[in-house]
Every structure is written in C-alpha cells, then in structure tokens.
Amino acid sequence: MQKIFKIKKMKHPKMGWAGVVLCLLLCVTTATAQPQVVKVTQQLKQVSDTQAELVFDAVIDAGWHMYSTQVVPDGPTPATFTAEKLTGCRLDGTLQPVGNVIKHYEDMFEAEVYYFEKKGRFVQRLKLDGGPYAVEGYLQYGACNDQMCLPPTNVEVSQKGTAAPAATKAEEKPADVKADEANAKDELATDADSAANTPPSEATGNVDGADASASSLLWQPVVEELRALEAGTDAGSMPGGSGDVSLWKIFLLGLVGGLVALVTPCVWPIIPMTVSFFLKRSGDKKKGIRDAWIYGLSIVVIYVALGLLVTAIFGASALNSLATNAVFNIFFFLLLVVFAASFFGAFELQLPAKWSNAVDSKAEKTGGLLGIFLMAFTLTLVSFSCTGPIIGFLLVEVSTTGSYVAPTIGMLGFAIALALPFTLFAMFPSWLKQMPRSGGWMNTVKVVLGFIELAFALKFLSVADLAYSWHILDRETFLALWIVIFGLLGLYLLRFIHFPHDDPEEDGGRVGVTRFFLGLISLAFAVYMLPGLWGAPLKAVSAFAPPMKTQDFNLQPEAEVRPMFTDYEAGMAYARNNHKPVMIDFTGYGCVNCRKMEAAVWTDPEVARTMTEDYVLIQLYVDEKTPLPEPYVVDDGGQERKLRTVGDKWSWLQSHKFGANAQPFYVLLDADGHPLTASRAYDEDIDAYKAFLKSGLDKFHGQ
C-alpha cells in the first residue's frame, strides 16, 4: 500500500527549497512505523429498513490532530472511506465529519485545513436494498502534531447486517435474477467467514486433484522443526545469519561516505581554520587537543542522533514495504537526480543562512562544552550543500536493507570519518603543513560523485519498475544507461567534458596521472558492461541490474536458473505427484543480496544442475504487487491482517510458516511441507551451498 507523508514545519521563517529537500528526505527515512496516536473504533448502525450508517469514533492523543474530509491541494491526507465490496447496499454520499471540526491556517500547506482534536467522529451512510447486506473496505486518515505527520493510516472495515425485505414493486425482478442475487449474498457470507480462518490458497494451486486438506497442511508452521535442525549449524545457514557482515558493510559504506565528504569544498578548507582556532583559543596545547576531541565527538553525536531517530521508529515489515513501494522508490530516484545535478553545478543546495548564523552566534556567546557542540552543529549546517547529497544517498541506501540498526551504523561510520581529521590535526599540528591545498580537484570530486549518484538513482527506479511490472527499465536498458554514464565519467576525467565550475586551464589543461588512471578504470568498466547487452551475466553489477529474466535479447539463456513454479501450492502439488523434494526461494525485486546469490552461486554448473534437476524450485517474490483475486484475512500475531497482493501472501507464508522475514531465504522441504535441513540465507560460499543442497537430498531419499 502506498504511503505519502510530510514532516510538519516548526514556527520559523520560511526556509529555502533546499531545506524542504532535506526535510522530505528525513520524512521518507523516518516515518514508516509510527506509534498509534489515533485509536479508531467502528460500528454499524441500522437507521431504518432502507438506511444504515458506518460510524467511526476516534480518540486522539494530546498534541495530535486528525484531519477531516476536506481536500486541500498539496495538503494533508483527508479522511476518506473506500468500499472494496458492497452486497445488498450502496454508498449514500461520501464520508461526513460529525462534531467540532477545527478550521486553522497552516504555514506548511499555505492553506486552511480542517481537523479534530482529542476526539472526532465520521459517518458513512448506506442505502439498503433489503435483506442481507455486507460492506468491506477501509477508512484512511492522516494525523499530525506540531513536529511531524504520520503516514496515511488504514482502518479495515468488514460489516454485515440484515434489513427488512424490500417492498414489492410493480416491476418485480424475474425469479431467476432474484435467485442469482440471493446466491451471491450467500457466497459473500461464506467467503467472508472462511477467509478469516483458512490459510490462503488459490484454486489454481491444486494440481492433479490435490485435495484441500493436504493444501491446508502446507501452511502449518514448522518454526520449531527448523530451529531443531539449525541447532549447531553455522550462522550462514540460518535466517539472517549474514547480518553481522552486512552491518560491517554498512559501517564501511558510511566510512567511505564520510571520507568523500571530507575532500569536498565545503569541509576541507574548514579543517585547518577550526584546528588553529582551538589551539590559539586555549593557549594550552593539551586543552586545545581536549577541545578538538570534544568537537569531533560532537560531530559523531549529531550524525548518530539522526541514525538513532531512523532506527527508533523503523520496523522490518515497514522496511520491506518501503524497499519496493513505487512512490518511495520514484521519490528516491528523483532525489538522487536532483543531488547529482547539484554536484554537476546546476545549482547549490543551501540551508537558510539564518540557521547557520544563529547557531554560530550562539556558539560565540556560549563557552565550555555547549559552545563546542554548537560549533560542531554549525559545521553540519554550513557543509550541507556538499554533505547533504552524500548523507541522503547513505540513508536511502541503508534504510531499505530491512535492518533495524542500519541507519545508526551507517551514520556512525560517516561521522567518525568526518570527525577524525579535526582531532588528529589538533594532536599533530605539524600535519597541517602537509595538507593538500584547496583547489579545483575538490570540484572534480563533486562531479565524480554526481555521476555515481546518477547511476544509483536508476537502481531505485528499477526496483519500482520490477515490483509493478511496468517494463520500462529492463536489463539491457538499465545497462545501456550505465554504460553511457560511466563512459561520460571517463571522458570527464580525461578532460573531454567540462562542467560549469570546472577550470579548463587548471594544471595547464593537462591530465594528471591520478585522473588518467581513474578515467581509464571508468571507461574500462563501461566496456566491461557491453557484453551484458547480449546476455553476459556481469557478476560485478548483478546486485544492481535487473534480473536476467527481463532481458529481451539473450544469447546464453541456458546459463540462467529458472524456477519451475512461482506459486507455492502448485509447486508443492507437482512435487507430491512426482515424488521430488522442494526448494523454496523467498526473494524480492528490491533484494540486492538475492541478485548477488543468483549471479555468484546459482551460476555454478553443479549448483544449477542440482536445483533444476533434483529439486522442484519454487521462487516466491515477497514484493510482488499483483493484486489477489480477493483479499485474504489472516491472523498475524493475534491481529487481523488483510493480504491484498501476491507479495503479501508470500511474505505472510514466510513469516507464519518459517518464522523469518529477510531475503534471500532458502528452505528445502518434502512434499508435505516439512523441512529437510536447516534453512539458508545470504552466503556466497559455493561449497557450503552445495553441501546444503546435498544434505536435503540425502534426508529426502533417507525418508
């Protein structure tokens, strides 16, 4: 389900558009899993034989308000009711607010908005046809306080009732039509009751007369069986076993981002000035070093606080949804394109000067630790035009990994890299003389980073394209764009291309040795990707490029492992009828590690042969956005959950049956749905993967 939300602006002078970009970035990375500040109850009231009302009563926490039904252009999310299925009744008008609706001018939206505080009520009227009736749908509303807004929230509705039979009219419906309508109503009631108590299953999933009881057994949880099998196995065999390695990679990604930020024009010239200030202000070298340590620690605290804010409100399911949500991925794509344009010199991203001036003035008036902390905060604001795109890219990248602590770890690495030079140069002032002087090389760093951000922007557009099956960015299109981007980067480094802030006469127009080798590497990378246009696997970029199945022109299709089934029950029925073991691959269109496994491990000839010949391979995409024929209602941890898409169904299967929610997740089963060996997660050890497949076969044949 798509979510769009905003961070509400505090009472301060109107900020520049760059500040809005930062706020939008923070809202995207921080507002997916919010506390329940609005509690909504619902009831169905039958007013008469021909009219009923759905009544929604809301209790709103102090400091928050819930928006009414009025639509404000580019404004907050209004309250709406969406009917997904109506039987024996019709909507009578739209959702109406009841009670004290407050009208107030909001600076953020630059318009009058309408909302409830403390409590509110909405009513949706229904016209009844007579006899049994039912309504299914959801109420959607938005809520804000003075600092932030929650994403649009849905309240599921499933209500049934019975009205008096409609009065006989002169033109009565034919008997066969009335019989058909009665049967439809009975089927609705039966479906609504059974959907809440039966595991999801599709009629098309039954193959060769597989019976319903066998199908329902396939959904029974086997979490305890898996735990027993995984006892004593290595971490790579268990769900999420590679998590520690991933966190180290995220930390290193943040560290690299911080090092790149250091050599930008916004940060590098500040280092000697700041260090000299500490040493001269104290008159004591030891005190100057101490102040520099505090300054560096303050930088770490500021950036880690941002990571903690993201970490505190993220949840695994929300992250999985965020990773493939079309709105968010398109937003990330556009955001990175804007950042790239900024680095190319089209414009400067700058926070309002009043912000940095106010903090700088406060730092001068304040002494001690608080003054040093405010100086560090001033650096954060002043350097935003260079660090903002890097931080934005880092948060976007790590916030879609599904890890609770990834944003904090990434910001920790970034802050350490950014803060360490200030401390080291304060301890060893003589090193300042050896620092490279500021110059055009720093603009080159910005432009190179712009090319890289432009390349990674395509990754987010590709995720949305795959999840929704738009087919606008298939593998060869993606690779063609990357070939052009890195080819142009190579030409830029070799001085064939210039951007607005470049000085063509720098170094006499000559190409330095470092620029030459970097340009050579970029052009070689572009040439390396060329065979991918004809189906070459390109393992180096497999984690980012769309999967091979989207390739229209492939000269070596036999190199790809393709699943026999993409439906769980159909695949299990086939395995039962053909007496074969099953391998289930829980994957995702936005799963980077899934693509790495397919390129690094599945391409091994022995692994590919075993998976395709000895197993029934079932591949289930947990972010598949294809709607189900009708929603399924399931019990998820004591709460009702409605599954609307194919991806929802497979995601619930993974968490309900196997107790896991990370991808990739590989599990080997017998035809009755019981595990044969320990499950396996991301691990590019080919020999270990072969042993995993062999142990499953041995157990199956032993049975």
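Reply: Two strands are said to pair if DSSP finds at least two bridges between them. Strands of a sheet pair through backbone hydrogen bonds, either parallel or antiparallel. Please keep in mind that this is a predicted model. Here, strand β10 (residues 131-141) is joined to β12 by eleven bridges, and the two run antiparallel. As one example of such a bridge, P132 has T162 of β12 as its partner.

Me: In what order do the strands of that open sheet stand, and how is the pairing described?

Reply: The order is β4-β10-β12, an open sheet of three strands with antiparallel pairing. Its edge strands, β4 (80-87) and β12 (153-163), each pair on one side only. From one strand to the next, the twist averages 20 degrees.

Me: Which open sheet has mixed pairing?

Reply: That is the three-strand open sheet with the order β14-β13-β17. At its edges are β14 (616-621) and β17 (665-669), each of which pairs on one side only. The twist in this sheet averages 20 degrees from one strand to the next. Between β13 and β17 there are five bridges, and these strands run antiparallel. Within that pair, V582 stands opposite L669 in β17.

Me: Which helix packs on this sheet, and which strands does the helix touch?

Reply: Helix α18 (residues 592-600) packs on the sheet and touches β13, β14 and β17. The direction of α18 makes about 135 degrees with that of β13.

Me: Let us turn to single residues. Is D567 buried or exposed?

Reply: A residue is called buried when its relative accessible area is under 20%. D567 has a value of 12%, so D567 is buried. The residue is found in the loop between α16 (513-529) and α17 (568-578). The side chain of D567 reaches the backbone nitrogen of E569 at 3.2 Å. D567 and L620 are 53 residues apart along the chain, yet their C-alpha atoms are separated by 7.0 Å.

Me: What is the nearest side chain of opposite charge to K580, and how far away is that side chain?

Reply: A salt bridge requires a side-chain nitrogen of Lys or Arg within 4 Å of a carboxyl oxygen of Asp or Glu. For K580 the nearest side chain of opposite charge is D614, at 6.4 Å, and K580 is buried yet has no salt bridge. K580 is found in the loop between α17 and β13 (582-587). Leaving aside residues up to four places away in sequence, K580 touches A575, E613, D614, Y615, V616 and F700.

Me: What is the phi of H579, and where does H579 lie?

Reply: H579 has a positive phi of about 55 degrees although it is not a glycine. H579 lies in the loop between α17 and β13, and H579 is exposed because its relative accessible area, 65%, is over 50%. R495 also has a positive phi, near 70 degrees, and is likewise a residue other than glycine. R495 lies in the loop between α15 (475-493) and α16. At 13% relative accessibility, R495 counts as buried.

Me: How many helices and strands does the protein chain have, and what share of its residues is buried?

Reply: The chain comes to 21 helices and 17 strands, and buried residues make up 50% of its 703 residues. Of the contacts with a separation of 6 or more, 75% are between residues 24 or more positions apart.

Conventions:
Residues numbered from 1 in each chain as written. Predicted model: local features only at pLDDT ≥ 70, side-chain atom pairs only at ≥ 80, totals over all residues. Heavy atoms only, no water. Helix = DSSP H or I, 4+ residues; strand = E, 2+ residues; numbered from the N terminus. Buried < 20%, exposed > 50% of the residue type's maximum accessible area, 1.4 Å probe, protein only. Polar contact = N/O pair within 3.5 Å; in protein donor to acceptor, adjacent residues only side chain to side chain. Axes fitted to C-alpha atoms, helices over the stretch in contact; angles between N-to-C directions. Lys, Arg positive; Asp, Glu negative; His and termini not counted. Contact = heavy atoms within 4.5 Å.
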